[in-house]
Amino acid sequence: MNLFKPSAIVEGIWRIIPNIPVTLEIAVVAAIIGIILGFLLALFRIKKWPVLTQIATVYISFMRGTPLLVQIFLSYYGIPVMLNIFNYKFNTSFNINSIPSMAFVFVAFSLNEAAYMAETLRASILSVDYKDIEAAYSIGMTGAQTMRRVILPQAMIVAIPNLGNSLISLVKSTSLAFTIGVMDMMGKAKVVSGNNMRFFEVYIGLALLYWVMCILIEFVINKLEKRFNIMDREVDDDD
């Protein structure tokens, strides 16, 4: 009896590879939306605006304090309920059955990522020396110009390593998407292993694929960090 078949690892990898774009799509969409929403949430907390600050604080606490899997199910079952209520109240006819599973995944992952991005960006923005901000105001820069030209460039140097860690964590978390029928890498591995009954070998292949993806992300993040960090750049003698 062949208890372990190494060739099944290779076979599993080749059969899972076509589903990598689905995993990357979830991660990229969630990261982009998460950064945008996270930046707004960070501003709400930094500026201490009435009501908005409290809403942002509760939102971040809830999203960070509940499992992502639960949030996926809340999205999957909650959005149809809300649409049914909306249809009933306003006499509309949204077709709930036409909503693809990916839409629920995008909502859950994006909202979850926003909470973590908010804290990362808030800490990065607060790390900027206030003297630089005062200097920007003293030469006539507006608040928006100061944020764009002074605060964000310096904050990015601090934020990039943490954003990279969040992206790596997000890529690994996408493995939960299969729980509502999305055929990502994890979903494909489940199908492949169910067909050939080589669960151990297929999941070894899956683990290797996730590992390689995370290594590549780390490489890109390190390059970005060096590019944004002016102190690490070589100074041209002619400058």
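Reply: Contact here means heavy atoms within 4.5 Å. Helices are DSSP runs (H or I, at least four residues), numbered from the N terminus. This is a predicted model, where local features need pLDDT of at least 70, side-chain atom pairs count only at pLDDT 80 or more, and totals for chains, interfaces and linings use all residues. Residues are numbered from 1 along each chain as its sequence is written, and side-chain values use heavy atoms, leaving out hydrogens and water.

From helix 1, residues 6-16, Ala8, Ile9, Ile13 and Ile16 touch Glu201, Val202, Ile204, Gly205, Leu206, Leu208 and Leu209 of helix 9. Sorted by class, that contact has nine nonpolar residues, one polar and one charged. (Ala, Val, Leu, Ile, Met, Phe, Trp, Tyr, Cys and Pro count as nonpolar, Asp, Glu, Lys and Arg as charged, and the others, Gly among them, as polar.)

How do the two helices lie? Two packed helices are described by the angle between their axes and the distance between the axes. Axes are lines fitted to C-alpha atoms, for helices over the stretch in contact, with angles from 0 to 180 degrees between N-to-C directions. Helix 1 and helix 9 pack at about 55°, axes 8 Å apart, which means helix 1 is oblique to helix 9.

The axes of helix 7 and helix 9 come within 9 Å and cross at roughly 170°, so helix 7 is roughly antiparallel to helix 9. On the helix 7 side, the contact uses Met156, Ile157, Ile160, Pro161, Gly164, Leu167, Ile168, Val171 and Lys172. Helix 9 answers with Tyr210, Met213, Cys214, Ile217, Glu218, Ile221, Leu224, Glu225 and Phe228. By class, that gives 14 nonpolar, one polar and three charged.

Some of these names come back in the largest pocket, about 390 Å³ in volume. (On a 1 Å grid over the protein atoms alone, a cavity is a set of points where a 1.4 Å probe fits but cannot get out; a pocket is an open set with protein on both sides within 12 Å along at least five of seven lines, and lining residues have an atom within 4 Å of a point. Points are joined across faces, edges and corners, and volume is the space filled by probe spheres set on them.) The largest pocket has 21 lining residues, with Ile35, Met156, Leu163, Ile221 and Leu224 nearest its centre.

Definitions and conventions
Helix = DSSP H or I, 4+ residues; strand = E, 2+ residues; numbered from the N terminus. Parallel < 35°, antiparallel > 145°, perpendicular 65-115°, else oblique.
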